[in-house]
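Here is a briefing for a reader new to this structure. Please look over the sequence and the model before reading on.

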Amino acid sequence: MVRHRGARQVTQLGRNWYTPIRSDSMGRLRTNSGLAEDLLIELDRDAGVPLHRQIEASIRASIRAGRLRAGASLPPTRTLAAGLGVSRGVVVEAYQQLVAEGYLVSRSGGYTQVAASMPPAADGAGSTAASTAQPAARGVGFRVDFGYGRTDVSQFPRAAWLRSVRTVFTTAPNDRFAYLDGRGVPELHGALCDYLNRVRGTLAVPGNMVICNGYGQGISLLIQVLAQRGARRIALEDPSSDDARVLAGAAGLDVVGIPVGPDGVQVDALHRADADAVVLTPSHQWPTGGVLSAAARAEVIRWARRRGALVIEDDYDAEYRYDRSPVGAMQGLAPDHVVYCGTASKTLAPGLRLGWMVLPAHLVTGVSTAKLLADRGSSVIDQLTFADFLARGEFDRHLRRMRPVYRRRRDALLNALRTQLPELEPAGIAAGQHVVAWLPPDLDEAAVVAAAARHGLGIQGVGPFRIAGAGPGGLIFGYAILSESAIAEGVALLATAIREVRGS
Ligand SMILES: Cc1ncc(COP(=O)(O)O)c(C=O)c1O
């Protein structure tokens with residue numbers, strides 16, 4: 001069936017993959033479906049590019065070009081492997097990677113379809129990386145992309161979520177579908193309080209919660225309210241994700257960076273900062289990965305009490321601690337001085353746009369009013385669904401399932417770094433969806449990032465997230481959506497890029 005022209009083989013398979021495959025006069029394999037969804041798979045055995053990568057690239061290109069439309073079924077791995085003359089594992093690997101990237105979805109019954117919506121296109125090596133920690137528009141132009149901010153949404157618990165949606169539609173009273181106040185739905189406040197007080201050690205009460213569209217909206221509302229109430233200066237971890245820096249600048253607040261060490265933010269610098277609020281990631285500093293020590297937490301709380309200042313706790317990925325239970329939230333130490341911010345973006349999917357804040361009582365009205373003015377409240381149906389999902393224990397179940405998945409990817413990354421790039425120094429605790437590794441002093445971070453991009457590797461440096469600008473070079477490895485073999489391949493590409501930088 002398969003005809004080879006030299007080492008190059010082109011296979012065309014259609015949506016009706018079960019129809020007989022025949023060769024055309026050009027030596028290409030065709031289905032007799034004649035459907036617009038036909039996909040062209042090109043294999044060049046001399047290219048030095050692994051076959052699974054070539055298959056991935058062909059299918060990806062077909063989806064992007066619209067040749068394969070949303071919902072189109074792909075051939076079973078065995079069929080495609082036989083058609084291409086490769087082992088089934090090669091096709092499985094390619095499908096898995098495309099599922100991880102969001103191009104394909106695996107359906108129960110073992111078949112694979114083109115996803116309903118296409119992931120965003122990459123906009124060139126490192127360009128989004130320079131401006132944001134949420135690199136939504138990455139991933140397509142690179143052979144491997146360590147860009148941070150992509151949760152493995154292919155693992156979204158669709159069936160369990162759907163059960164909760166059904167429950168909401170069959171049980172929620174009509175008035176729940178009307179406008180609500182800016183805090184969100186009481187059912188979700190209750191379910192989240194139970195969860196957070198149990199798992200994160202918060203002292204949350206339902207009346208002090210505001211549901212928002214992710215942490216991104218939460219920090220935006222908080223900064224607005226602080227500015228309205230006369231705040232002048234906000235302290236941020238240096239380095240840190242840049243949402244707060246950009247939002248504070250837009251609200252007319254001064255920004256001061258507080259250096260971060262291996263154990264999180266350096267509190268003595270906070271004392272000198274003359275700030276009205278500080279934003280911290282105490283459970284897992286973003287990006288450097290440390291945990292704020294108990295002594296430093298107590299000192300930050302003393303600072304806040306003395307100054308009447310506010311601590312904004314961004315608890316973005318505490319659910320993913322792999323070696324022990326995570327340290328409890330700071331909010332539990334001083335609920336009158338700490339705003340706790342949580343998000344479903346790391347645990348479930350960023351596209352849900354679900355976040356929550358537990359606020360000191362004096363901020364509840366201001367923040368919920370700002371939320372109403374911003375968008376009249378988050379989707380009630382999503383909130384009720386999440387409340388049911390939490391109450392059924394599905395959230396805990398999902399986390400129990402995902403922790404070993406991410407842990408294996410993290411271990412694969414650390415193993416690959418240890419064997420292929422032992423001169424890099426990984427930092428931080430066993431947690432989350434990313435690792436920072438420091439570069440040796442002779443390697444320039446920007447040069448390594450640029451060389452990596454030339455070799456097909458997407459990776460961000462720590463530099464763009466620094467506030468004062470100084471500090472050692474480091475790389476941020478987002479591993480959440482990459483298969484273990486893609487991680488190893490990515491590290492190999494990085495090793496090649498680093499050799500090139502050294503050689504020049
Ligand atoms: C430090 C940090 N906090 C919070 C978030 C989550 O933001 P959101 O809830 O708006 O998706 C992210 C996402 O990447 C992040 O990097």
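Which helix gives the most to the shell around the ligand? Helix 6 (residues 214-228) does, with three residues. This is a predicted model, in which local features need pLDDT of at least 70, side-chain atom pairs count only at pLDDT 80 or more, and totals for chains, interfaces and linings use all residues. Residues are numbered from 1 along each chain as its sequence is written, and side-chain values use heavy atoms, with hydrogens and water left out.

**The chain overall**
- The protein chain has 14 helices and 20 strands. Both are DSSP runs numbered from the N terminus: helices are H or I with at least four residues, strands E with at least two.
- Of the 504 residues in the protein chain, 56% are buried. Buried means under 20% relative accessible area, exposed means over 50%, and partly exposed lies in between (1.4 Å probe, protein chains only).
- Take the contacts between residues at least 6 apart in sequence: 70% join residues at least 24 apart. A contact means heavy atoms within 4.5 Å.

**The ligand shell**
- The ligand is surrounded by 13 residues. A residue counts as near when one of its heavy atoms lies within 4 Å.
- The closest are Tyr 215, Gly 216, Asp 314, Thr 343 and Ser 345.
- By class, the shell has four nonpolar, six polar and three charged residues. Ala, Val, Leu, Ile, Met, Phe, Trp, Tyr, Cys and Pro count as nonpolar, Asp, Glu, Lys and Arg as charged, and the others, Gly among them, as polar.
- A backbone N or O atom of Tyr 215 lies 2.7 Å from a ligand oxygen.
- A side-chain N or O atom of Lys 346 is 2.8 Å from an oxygen atom of the ligand.
- The protein covers 95% of the 400 Å² of accessible area that the ligand has on its own (Shrake-Rupley method, 1.4 Å probe).

**Thr 343**
- Thr 343 is part of strand 14 (residues 338-343).
- Thr 343 counts as buried because its relative accessibility is 6%.
- The side chain of Thr 343 has an N or O atom 2.6 Å from an oxygen of the ligand.
- A polar atom of that side chain also lies 2.9 Å from the backbone nitrogen of Ser 345.
- Contacts of Thr 343, not counting residues up to four places away in sequence, include Gly 214, Tyr 215 and Trp 356.

**Cysteines**
- The count of disulfides (cysteine sulfur pairs within 2.5 Å) is zero.
- Cys 341 is buried, at 2% relative accessible area.

Key:
Polar contact = N/O pair within 3.5 Å; in protein donor to acceptor, adjacent residues only side chain to side chain.
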